[in-house]
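Here are my notes on the model, as numbered points. Please read them with the structure open.

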Amino acid sequence: MSESDPERATAPPPESGTDPAPSPRLVVPVRFCRDCGGARDPSLAECPHCLQRRLAAAQRDWRSTDASSITSALALYFCLLGVSIVSILWVVGNRADRLPVEGEMAASVVFSIIVLIWCLIRQGDVLAGLVRVPHPLWLAAAAAVAVPTFLAATVVVTVLQAAGLKNLVYSTPFLEAGYGYGWVVLTICVQPAIFEELAFRGVIQSSLGAVLGRFEGAVATALLFAILHLSMPSLPHLLLLGAVLGWLRIRTDSLYPCMVTHFTHNFLVVLAERHGGFPSW
Amino acid sequence: MGNGTITCPHCGAVSAAGAFCESCGKAVPSTFATSPRIVSGDALPYSAAGQKLVGDELRKHTNRAAYTLLAVGILQVTCGPIVAVTLANAPGVGLEGMVGVLLVAQFVVAAVFFGLYFWARTAPLPASIVGLAIYVTLVLINMATSLSSLSEGGPRRGFGGCGIGLLDIIIIVLLAQGIQAGLKHKRLMETPPSM
């Protein structure tokens, strides 16, 4: 600040013969905030920096928002895992090869109910993805992108079959139990496409993305999606599918392309089992 | 000098009492008696020095969670084969003759945790969250198989044969602490220092 600054009031000259005592300057127009030292417009009632900090602190209680988002995502994951654990307990306890068809259907219904309850609790996370309908080209692209994920799954399974791993078939138990392909498509294609996407890309990815960032949230969700299926041989292509679905969610900000991709992937699996065009598993 | 005003030692201007001079923006001596402030456990410091201190402490917790992920990976590699052979030979579990499959599963899990450790070096929070979810999943599966094998007279594992041990609890607690510390550290980094 120079001596010639017009905003600085000058002190009267000292009287001759007396020690020049330092005299206080007159109060000058406010140019800096007394709380944060930041520059501010004197015409504003409050410093914009302090106001911004105060509003941010008031709008968001970090402890409840971040922690509740992560808790909600993990709680949903563990509730869905509980359905799988109960299925495992039944299979192990009864020394069976797999769950009966009626058991699979019941597990699907319980899974769907759990997801619907979470959707009601975390409406904000889910509605944002359901309200937005992307351009039809995105839906077509979503169906197309399921083909390479299906091919990746085929490659993985072929390798595992060559290593001597037992085939896992999805539709044969339904057909042997007397249920037609309608039930097969409903249970294996439609239900997972809707409710798994609502759970993972709807609730979990939105919750984790709000805390971790969109990319980290999508990666974490893809990992949880792959692990939840509790199938080690399926881990590689489930991880790939989860990553693609997470990218679609981020790119389109909608759940519909994810549902289309998931449905198409599972439908191609059922189709391959029926027509034997690809190695069955 | 009236009450609630202060003379700036830098520019000599008289302004309302505060931490900074309203004329030149430089720090002024505090008009209030100062003493060490006791900050509660959940409160975040606003000073740069306080944020540095708390941030370093939180960083230790997140690093501890990252090393926990590494430890789990190492345990899977070293002790996993023993667990696989035990499970394959245990009655009532239904895994007889599947040593090879179990070994591969153990190594895949180890690879996942090694991957999570490397992820935790740059992004500890998401890696800790995923690591906790995966580890609790493994513990729950172990509990399910242990309870089934217990009913068939199989070996007892963990507390009361339920399949969960002290090490499992310690790992889960460390990962949960790492997540809490990561959340707090994230919020600390979002808070701009005021002075």
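1. Cys119(A) counts as buried, at 11% relative accessibility. Buried means under 20% relative accessible area, exposed means over 50%, and partly exposed lies in between (1.4 Å probe, protein chains only).

2. Is Cys119(A) in a disulfide or in no disulfide? Cys119(A) is in none; the nearest cysteine sulfur belongs to Cys79(A), 13 Å away. A disulfide here is a pair of cysteine sulfur atoms within 2.5 Å. Over all chains, the search of the whole structure finds 0 disulfides.

3. Cys21(B) is in no disulfide either, and the nearest cysteine sulfur, that of Cys8(B), is 3.7 Å away. Cys21(B) is buried, with a relative accessible area of 1%.

4. This is a predicted model: local features need pLDDT of at least 70, side-chain atom pairs count only at pLDDT 80 or more, and totals for chains, interfaces and linings use all residues. Side-chain values use heavy atoms, with hydrogens and water left out; residues are numbered from 1 along each chain as its sequence is written, while chains are lettered from A and ligands numbered from 1 in the order in which they are written.

5. Back to helix α3(A). Its buried residues include Cys119(A), Trp118(A), Phe111(A) and Glu104(A). Helices are DSSP runs (H or I, at least four residues), as are strands (E, at least two), numbered from the N terminus. α3(A) has 21 residues and reaches 30 Å from its first C-alpha to its last.

6. Ile117(A) also sits in α3, residues 101–121 of chain A. Ile117(A) is partly exposed, with a relative accessible area of 43%.

Conventions:
Expected span 1.5 Å × (residues − 1).
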